[in-house]
Every structure is written in structure tokens, then in C-alpha cells.
Amino acid sequence: MPRFRMTVEYEGTGFVGWQRQANGPSVQEAVEAAIAAVTGEHPAVVGAGRTDAGVHARGMVAHVDLATGRFDGRTLCRAVNFHLRPAPVALVTAGIVDPGFHARFSALGRRYLYRILNRPAPPTLDRNRVWHVPVPLDAEAMAEAAAVLVGRHDFTSFRAAGCQAASPCRTLDRLEVCRAGDEVRVTAEARSFLHRQVRTMVGSLRLVGDGRWQCDDLAAALRARDRSAAGPTAPAAGLCFEAALYADGW
């Protein structure tokens, strides 16, 4: 039974997230339904990670096992994308991989990008794709403060109250902030993240950017190990799952 690796892109505004849930439509369900329409099979599609409601993805990696042998990657993409319409979901690439590949467990890291539109005028073309912050932000101060969070820490202060992870400890490999015109962009990379960790880190960095916090305040929030010590959770709209990272050969 061939295993297909797929790269999935989606606009997450109308979904409850990647993962199948009882309270609304998910991206996983949409992909599985389209594959079923094409193949007549009903396999589970396994993603590299989960995304919250309203979060987008440019490079979600997933795998699926199909009994049929009549598809190559290109044909599968075309057929599945036909049945995904008009949902804002698409298979960008697909191809047969070694059956030992697992979209979730083979991944060595995940990369997210958070976009803040930092100008007085609200977004039009990027509506539902950015967090609009009209007051000026100091991206350099945010970048300096972000370094406080890099490394292995107890991130209790930066996870949702309902987070089900067994441990609050995570190793944050990268947290970078830069300005690109009217946007402040935050890139976060780690093997895994806690529930809403990226959005809470961004919400806290915004406090640094507008001058309400200094680096020491962010460090104190981290040490507190208390969600109430950190900043607000940034809106889902600005967050995008950029890539899952794998070892050479995968």
C-alpha cells in the first residue's frame, strides 16, 4: 500500500483548525473527503501538527496510505484539488515516500510565521491574514526581547489554560522579529509547541514593541510560570504554519 506525502496549503478562517473536531469543519476532514471522492477509500490523513481555529498554513505536511496504485503525485493533486473546491484548501505537492515516513513523528521541527500589520490603515487585501496593530511598534526592541525566550524553558506562562501537553517544558530553537515595510514579522521554530504558545509569545512581544514592557518584564513573565503573568494571546488570523522540518532523505 503506497504512502503519499503531501504538502497542504489552506486559509484557516472558516475552519476549527487542522484536526478533525465535533464542533465544526476541519481541514483534515476536507482533505479526507476529497480523497474519498477520488479513490473510493476512506483513509485517515495524518498531519505534521495541529493548528487552531483561524490559523493558516502554507506548508502543512501530511501523509496518507492508499490501496489504489493508479495515481502518481501529480494526478492525485489534480484530482483531489478538483474535489476540494470551493474550500480554501489545496494540495500543493504529493508523492510516494518510504512507508517509514510519518508526517508527525518524523518531523524534527515546525516553523510558524506571525504577521503584524503595523500601520494606521486597516488591512484590505490581507484581511484575516494579519493582526492589525495601528500604534507604532519598535521591532528592534521586540527582537532583543525575543532572545530571552530562545532555548529550553518551562513555558507555563505562555500556554493556554486548557493545554493538554504532559510537560510545559519546550526548546525554542528560533524566535526572530524583523520589520518588512508596514509589517512586523515574528518567526518561531521548535520541535513542538504548546497550545497557543506562539500566539501568546507574540502578544507579549507586542507589549515590548509599544513600550509597555522591557526585556526584563518578558523574562519575569517566563520565570513566573503563570499564564496571568504573560501578555494577551494574539489573534489567530496573523499566524501561519510555514513548514515542517525533516532530516535529509525525508
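Analyst: Gladly! Let's begin with strand pairing: two strands pair if DSSP finds at least two bridges between them. β5 and β6 are joined by two bridges and run parallel, and L117 has H132 as its bridge partner in β6. Please keep in mind that this is a predicted model.

User: What makes β5 and β10 a pair, and in which sense do they run?

Analyst: Six bridges link β5 to strand β10 (residues 239-245), and the sense is antiparallel. The cut-off is at least two bridges, so β5 and β10 qualify as a pair. One of the links joins L113 to its bridge partner C240 in β10. Strand β9 (residues 183-190) also pairs with β5 in the antiparallel sense, over eight bridges, and there R110 has A190 as its bridge partner.

User: Why is β5 called largely enclosed?

Analyst: Strand β5 covers residues 109-117, and eight of its nine residues are buried, so the rest of the structure largely encloses it. Buried here means under 20% relative accessible area. Y112 has 10% relative accessibility, so it counts as buried.

User: Why is the pair formed by Y112 and F241 called edge-to-face?

Analyst: The structure holds six aromatic pairs. For Y112 and F241, the ring centres are 5.1 Å apart and the planes make an angle of 80°. F241 is buried, with a relative accessible area of 0%. Ring pairs also bring F193 into a cluster with Y112 and F241.

User: How do you know that S204 is buried, and what does S204 touch?

Analyst: S204 has a relative accessible area of 0%, which is under the 20% cut-off, so it is buried. It is found in helix α4 (residues 197-209). Leaving out residues up to four places away in sequence, S204 touches F158, W213, L218, A230, G231 and P232.

User: Which other residues of helix α4 can we look at?

Analyst: M201 lies in helix α4 and is buried, with a relative accessible area of 0%. Beyond its neighbours within four places in sequence, M201 is in contact with L149, F155, F158, L172 and L175. M201 and F155 are 46 residues apart in sequence, with their C-alpha atoms 9.7 Å apart. L205 is among the residues that touch the most other members of the largest nonpolar core, which has 73 residues. The contacts of L205 include M142, A145, V177 and V186.

User: What makes D138 partly exposed rather than buried or exposed?

Analyst: The relative accessible area of D138 is 39%. Buried is under 20% and exposed is over 50%, with partly exposed in between, so D138 counts as partly exposed. D138 lies in the loop between β6 (131-132) and α3 (139-146). A polar atom of its side chain lies 3.1 Å from the backbone nitrogen of E140.

User: What makes the backbone at R196 and R225 worth a look?

Analyst: Most residues other than glycine have a negative phi. R196 has a positive phi of about 65° although it is not a glycine, and phi of R225 is near 55°, also a positive value. R196 lies in the loop between β9 and α4 and is partly exposed at 37% relative accessibility. R225 lies in the loop between α5 (215-224) and β10; its relative accessibility is 53%, over the 50% cut-off, so it counts as exposed.

Conventions:
Residues numbered from 1 in each chain as written. Predicted model: local features only at pLDDT ≥ 70, side-chain atom pairs only at ≥ 80, totals over all residues. Heavy atoms only, no water. Helix = DSSP H or I, 4+ residues; strand = E, 2+ residues; numbered from the N terminus. Buried < 20%, exposed > 50% of the residue type's maximum accessible area, 1.4 Å probe, protein only. Contact = heavy atoms within 4.5 Å. Core = buried A, V, L, I, M, F, W, Y, C linked by side-chain atoms within 4.5 Å. Polar contact = N/O pair within 3.5 Å; in protein donor to acceptor, adjacent residues only side chain to side chain. Phe/Tyr/Trp six-rings, centres within 6.5 Å; stacked < 30°, edge-to-face > 60°.
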